Amino acid sequence: MVSIIWMFIDDNDDDFKVYQRKFRQLEIENEEKKLIAELEAVKDERVGYEEKLTGAQTSFKAKQSQLLDAESLLVESQAKFYKANMNFLNQKSILDAEKFNYETAMLHLHEGDDPAEIEQTYQVVIDKVYTLRLIKEEKEAVMLAIEDQIKEIKFETKIAEDELNSVLKAANLVDRKLKLIDRRKMSLANKIGDIVRDLPILDFMAPYFKVEQVVLPNIKYNVNFASVPEVDRCKSCHLGIDNPDYKNAEQPFTTHPNLDLYLTSSSKHTYEDFGCTSCHAGRGRGTDFTSVTHTPSSPEQRAEWEEKYGWHEMHHWLKPMLPVNYTEASCFKCHQDEANITHADKLTMGLTLIEKNGCNGCHTIKPLESRRKAGPDLARINEKVDRKWVAKWIKDPKSFRHNTRMPSFFGQSNNSEPDDIKRNDTEIYTIAEYLFQDGEKMSRKNDRKYLGNAEKGQEIFDVVGCRGCHIIEPDPNNLPEDHNLTNLLKEHGPNLINLGSKTSAQWVYDWLKDPNEYWHDTRMPNLRLSDEEAKNLTAYLMSFTNPEFEEAESIQMSDEALDKIALGWLRKMYPEMEAKSRLGKMDLDNKIDYVADKSIRYYGCFGCHNIPGYEKDKPIGTELTFEGSKPINKLDFGYIHDLEKTNYAWFTQKLENPRIFDKGKASPPEDKLRMPNFNFSPEEIEALVTTILSFSEDEVGENLLASNYVRDDMVYEGRKLIKEYNCQGCHIIDGFGGQIAENYSSPEYAPPNLNTEGAKVQPDWLFNFFLEPSIIRPNLQVRMPTFKLTDEEWNAIIRSFQYYDNQPLAFESDFHVNTSTTKYRAGKKLEELGACNNCHFYGKEFPKQGAQTWAPNLALTKERLQPKWVIDWMEDPQSIMPGTKMPAPFLPDKELLNTPGAVSDWGEHVVKVGGDRETMLEGLRDYIYSIKGKTDITNEIQQYFEKNGYEFEFDEEDEDEDW
Amino acid sequence: MSYIKNLFDFLSAPTISFTLLTVAFPFIFPPSDWFDKKNKQWGIYKLWTNKGAFWIFMSITFFFVIGYFDPYFNLTMTKPDNIPIILMIYSMIFVVWLGMKQAYINDARLDRGEKPEEWNDPDDKVLVWPDLVYIELIALILFMVLLIVWSILIGAPLEEPANPAATPNPSKAPWYFLGLQEMLVYFDPWIAGIIFPIFIIVGMMAIPYMDINKKGEGYYSFKERRVGFFIFMYGWFVLWVFLIVVGTFFRGPNWNFFGPFEWWDPHKVVPLSNVNLSEYVWVKLLNKGLPTSILAREAVGFVTVIGYLFVMPLLLAKTKLKSLFEHYGPVRYSTLMLFGLTMFALPIKMYLRWLFNLKYIIAIPEWFFNI
């Protein structure tokens with residue numbers, strides 16, 4: 001008995017019930033506040049309606065006796081009708097049966113049956129029913145008449161009541177809710193019911209305090225041999241999570257910070273489909289603080305929780321809740337194929353860093369397979385640099401370029417002993433030897449021929465577009481402090497310092513003129529520089545040198561170390577005696593080759609670089625496809641004991657110092673940890689850890705995958721290419737990018753914003769433009785470079801632009817203009833009044849105003865732009881391209897066109913259109929589409945600037961341009 | 001032949017067949033001296049002889065043979081679902097016949113002052129091991145052979161996947177629940193589907209505690225517990241087995257009743273305008289509307305039900321069944337009455353329906369409470 005009572009008490013005091021009681025109090029307070037507010041809002045309005053109701057009630061009372069009479073009459077008539085109706089229905093059912101009998105009898109007439117007699121029997125029943133029906137209807141009419149009478153008596157009151165209620169609707173709703181939760185407002189019966197429903201045992205039926213759960217059939221939890229749907233009970237305590245009223249309530253009742261994106265039925269991630277643990281992880285079925293595996297975000301919070309909630313880790317639950325700073329990891333489950341995941345900057349940053357630093361070159365990550373090697377092609381390295389430079393660079397790349405992505409393999413915590421250094425130097429030496437098998441071909445002999453004016457070169461570097469992907473920053477202290485996605489765009493290519501200490505002017509010149517010649521797959525585009533421009537730029541780039549690096553001692557090999565390394569590797573494959581005898585048979589060259597091969601394989605250089613002979617080698621790192629789900633005991637903490645035993649702490653530590661878990665270990669050199677040090681900043685590490693945590697085994701239902709809502713694979717591929725080629729370094733795409741604009745006096749002179757690009761241009765024009773860019777915006781110095789992409793890749797990019805602007809068609813019929821319509825003529829007049837040719841080219845015809853306001857060639861419009869988009873553009877240019885100088889054309893309204901003299905001001909056709917904006921815009925558009933002239937005016941513009949220069953750019957801008 | 005078939009069709013109408021069975025039952029299993037006298041007088045006891053068995057067997061077989069060659073009954077009879085019912089009819093009758101035959105032999109011996117046959121019968125006692133186990137093993141094997149052959153010859157009656165949008169007409173329960181389904185025609189689901197099955201099970205468990213007659217233990221006998229025998233056989237044979245047979249063979253589309261040789265015409269319409277007791281009283285009798293108060297409306301029904309179930313046993317205990325009451329004591333008596341009266345409520349309700357189109361005695365659809 002005692003144990004049973006104890007059980008009830010214990011059950012009654014479940015954590016969640018305590019919270020629910022507290023929340024109920026909170027809810028009552030909140031609803032009361034709301035009620036007061038609602039009543040306040042209708043305070044004045046309701047008075048009139050209440051008076052009306054009182055009046056109606058008074059007159060209703062006067063008719064009371066009349067009503068009573070009518071009601072007693074009604075009861076009587078209802079009784080009569082009921083009986084008549086019953087008789088009628090009874091007879092009708094008999095008729096139905098009789099009908100069947102009649103039909104069958106007539107159908108199968110037997111001998112001696114008289115059809116007339118059968119008919120007669122049937123008819124008798126029909127008549128009976130008819131009589132009864134008449135009686136019934138008569139009684140019904142009487143009853144209905146009395147009902148109407150009563151309704152009329154009550155009518156006035158009812159109308160007044162309805163009116164008052166419609167005013168009080170919002171308040172009534174709140175009041176009703178209050179009556180459900182506030183015991184003080186309940187009727188006695190409800191009060192008893194409210195107490196009884198939560199009593200022990202009885203609470204199995206319909207308790208108020210109960211586990212709130214949601215079953216998520218599309219989100220599975222893997223229990224080895226079966227996949228079980230997740231069940232989330234988080235709402236049992238987080239009661240205000242989807243209610244915006246509790247933004248300032250204390251935990252666990254606080255509202256979710258982003259209801260637009262999560263939980264609510266209008267958001268993309270509804271509670272019913274996604275629950276809580278699909279993003280936050282943790283044990284959704286738990287109902288107390290510890291058992292749901294809450295995870296503290298910091299040691300302080302851990303200590304606080306331990307004290308306040310008796311919190312401890314649940315060792316047997318493999319997927320504890322993610323600390324808040326890593327929650328974005330879960331986005332990846334459904335958003336795998338997206339190039340940039342919106343609202344998940346940290347995760348996107350991590351994914352970007354993985355690509356840029358080539359993590360997936362060494363570590364296989366199935367959902368994020370390496371699209372290209374992160375480092376340059378080394379097949380022709382001997383044309384670019386010399387052997388000495390290579391060896392020094394491998395040993396310590398940061399000493400040459402402080403922020404290079406090439407990670408440091410040497411001088412790390414597990415290989416800095418003198419013996420290690422000797423060994424490493426030998427390894428480096430042999431690797432350099434391997435890369436220079438064909439001898440050194442780089443020479444600075446002819447450099448003078450390729451060096452122009454460095455000052456002009458700097459100017460070109462600043463404006464022509466290099467800064468879309470590159471920086472030149474010799475001083476590490478001047479680098480941007482924030483490590484974010486925007487700054488990553490700037491450092492898409494290397495920081496171009498110290499080229500003078502690295503390579504020859506000839507190589508730089510050749511590279512600038514045609515990057516794909518040296519490295520077929522490079523992402524570096526061709527900017528179509530003239531010879532002179534290229535020389536100037538070369539001179540500028542070569543002007544940066546690193547004397548310290550040049551003077552550093554070159555790397556030497558030690559024969560003793562060479563033998564030792566070779567023997568070490570041989571021992572791994574052969575018995576001791578054979579290893580030694582094999583070593584004995586090698587000459588020096590053999591040994592160097594052997595050690596070079598082993599070292600390249602050991603360090604996995606081919607993970608990031610194309611090295612001839614290693615094209616098909618497998619990546620050397622641990623596979624990370626499910627790293628986020630890897631059990632903690634599979635992570636080697638070594639002798640590091642003061643580290644928190646969590647996977648994210650381990651990942652963080654590994655990224656901070658990749659060799660740390662070798663500390664205290666006496667591993668032979670071949671077994672040492674070898675992941676290089678990328679010198680990531682803390683922000684980058686957090687982003688990377690988030691991303692590693694996102695590589696999980698969790699299964700998500702097909703219909704939740706974001707990619708299933710994009711019908712075309714090319715869309716994501718296009719977005720990936722846009723990211724891969726850093727288009728957002730220059731252009732704003734999806735509201736992100738365009739950082740190159742910082743280098744120009746106004747966004748007007750930076751590469752265009754590609755907002756609405758898919759709806760804007762005709763796909764076939766865009767395709768041709770990509771292949772052979774021409775000048776669209778005559779006053780830009782920055783150039784659209786020529787990228788060497790395949791047709792498939794261009795199609796994917798075009799398709800993805802179209803997709804995001806709801807433009808599904810690849811082929812469209814030409815837009816024909818009828819030049820005889822009023823609309824067209826009105827458009828022509830508007831064009832004339834608007835003076836479009838002040839800024840716009842009309843084929844070879846130059847604009848009337850100066851170069852600083854030049855705008856695209858209108859003769860190109862019919863080939864380039866979508867007719868519908870042109871209307872949208874003219875309607876409101878600022879909404880499509882914020883900051884544009886294009887003004888919306890002034891269109892007269894109806895009133896203006898009705899004033900005297902309108903015909904002379906606006907012309908008869910505009911007046912005829914009568915102020916209809918859309919028609920006028922269509923007319924203007926039609927006129928623009930009929931402008932004839934040369935479409936590609938690249939040469940004309942180039943000639944102009946060759947003669948006059950770009951000086952205008954530094955002019956004070958003239959903002960008052962009126963139509 | 002068609003005359004015979006029409007006769008069968010006519011006789012098998014539930015009103016007639018049920019009435020005939022009910023009337024004939026006390027003569028076949030006489031619960032009192034008077035019936036016993038008539039039984040002897042008309043020679044009904046001869047049913048329980050070999051000759052009687054022969055005639056019973058012949059007449060049932062005759063019925064099924066006609067049925068087999070009848071185009072309509074053949075359809076029902078040869079359905080794989082219904083074959084167990086035919087076997088059941090034979091086996092039930094055979095077992096009852098066998099029991100009754102032994103009982104009559106013993107009754108005659110007891111009348112002569114002799115001991116029953118089983119008293120000193122060495123043949124009736126066998127050793128469990130090995131004899132009984134052997135017999136059981138052989139029976140088991142034979143039974144398995146039978147089931148295997150059966151399943152080979154007659155495929156399992158599988159139908160298309162269930163589809164709530166296209167239910168079969170008629171929708172029949174498995175054969176062993178057809179008795180319950182038949183009850184559903186007369187009672188609300190909570191009674192026919194819940195109360196009655198529970199009462200049947202509990203009631204059968206209670207039989208040994210209510211019938212404490214020591215006589216007739218361990219041997220066949222009819223005379224020594226003829227009332228109990230009659231009640232049980234009526235409940236078992238008429239209210240359960242017979243209803244299964246009706247449900248199987250005589251219920252067609254729309255759960256309408258069809259004679260065995262009748263075509264199951266889905267268009268058949270039978271007037272179903274059932275009236276509640278309260279409507280009879282208030283509307284038809286008193287010419288008033290139904291009272292708004294539920295309790296007032298159903299007062300007559302409540303009085304009837306309470307009177308039948310609780311007051312009547314009390315009165316009977318003072319009068320007609322005084323001796324029974326004294327013999328049984330209050331607990332046993334009231335239990336017997338509760339189960340017995342509930343059982344007899346079924347035929348009573350059936351007749352009320354047939355005779356007066358009575359729908360419910362207490363009708364409170366507002367509370368889902370209808371009796």
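Two residues are in contact if their C-beta atoms, placed from the backbone, lie within 7 Å. Keep that in mind as we tour this predicted model.

Let's start where the chains touch. The contact draws 13 residues from chain B and 14 residues from chain A. On the chain B side, these comprise 6 nonpolar, 4 polar and 3 charged residues.

Now look inside chain B, at two helices that pack together. Their axes lie 11 Å apart, at an angle of about 155°. Angles over 145 degrees count as roughly antiparallel, and α6(B) and α10(B) are therefore roughly antiparallel to each other. The crossing of α6(B) past α10(B) is left-handed. The table shows which residues meet.

| Helix | Residue range | Residues that meet the other helix |
|---|---|---|
| α6(B) | residues 83-111 | B:Ile85, B:Ile89 and B:Met92 |
| α10(B) | residues 226-250 | B:Val241, B:Ile244, B:Val245 and B:Thr248 |

By class, this helix contact has 6 nonpolar residues, 1 polar and no charged.

Next, turn to chain A and find its open sheet of 3 strands, ordered β2-β1-β5 with antiparallel pairing. Why is one side of β2 and of β5 in chain A left without a neighbour in the sheet? Both strands, β2 (227-232) and β5 (699-700), stand at the edges, so each has a single partner strand. Strand β1 (residues 214-222) of chain A is joined to β2(A) by 6 bridges. Across this antiparallel pair, A:Val214 stands opposite A:Asp232.

Finally, how confident is the predictor? Chain A has a mean pLDDT of 90, with 99% of its residues at 70 or more. Over residues 954-963 of chain A, however, pLDDT stays under 50.

Conventions. Residues are numbered from 1 along each chain as its sequence is written. Chains are lettered from A and ligands numbered from 1 in the order in which they are written. This is a predicted model: local features need pLDDT of at least 70, side-chain atom pairs count only at pLDDT 80 or more; totals for chains, interfaces and linings use all residues. Ala, Val, Leu, Ile, Met, Phe, Trp, Tyr, Cys and Pro count as nonpolar, Asp, Glu, Lys and Arg as charged, and the others, Gly among them, as polar. Axes are lines fitted to C-alpha atoms, for helices over the stretch in contact, and angles run from 0 to 180 degrees between N-to-C directions. Helices (H or I, at least four residues) and strands (E, at least two) are DSSP runs, numbered from the N terminus. Angles under 35 degrees count as roughly parallel, over 145 as roughly antiparallel, 65 to 115 as roughly perpendicular and the rest as oblique. A crossing is left-handed if the near helix is turned anticlockwise from the far one by less than a right angle, and right-handed if clockwise. pLDDT is the predictor's confidence in each residue, from 0 to 100. Two strands pair if DSSP finds at least two bridges between them.
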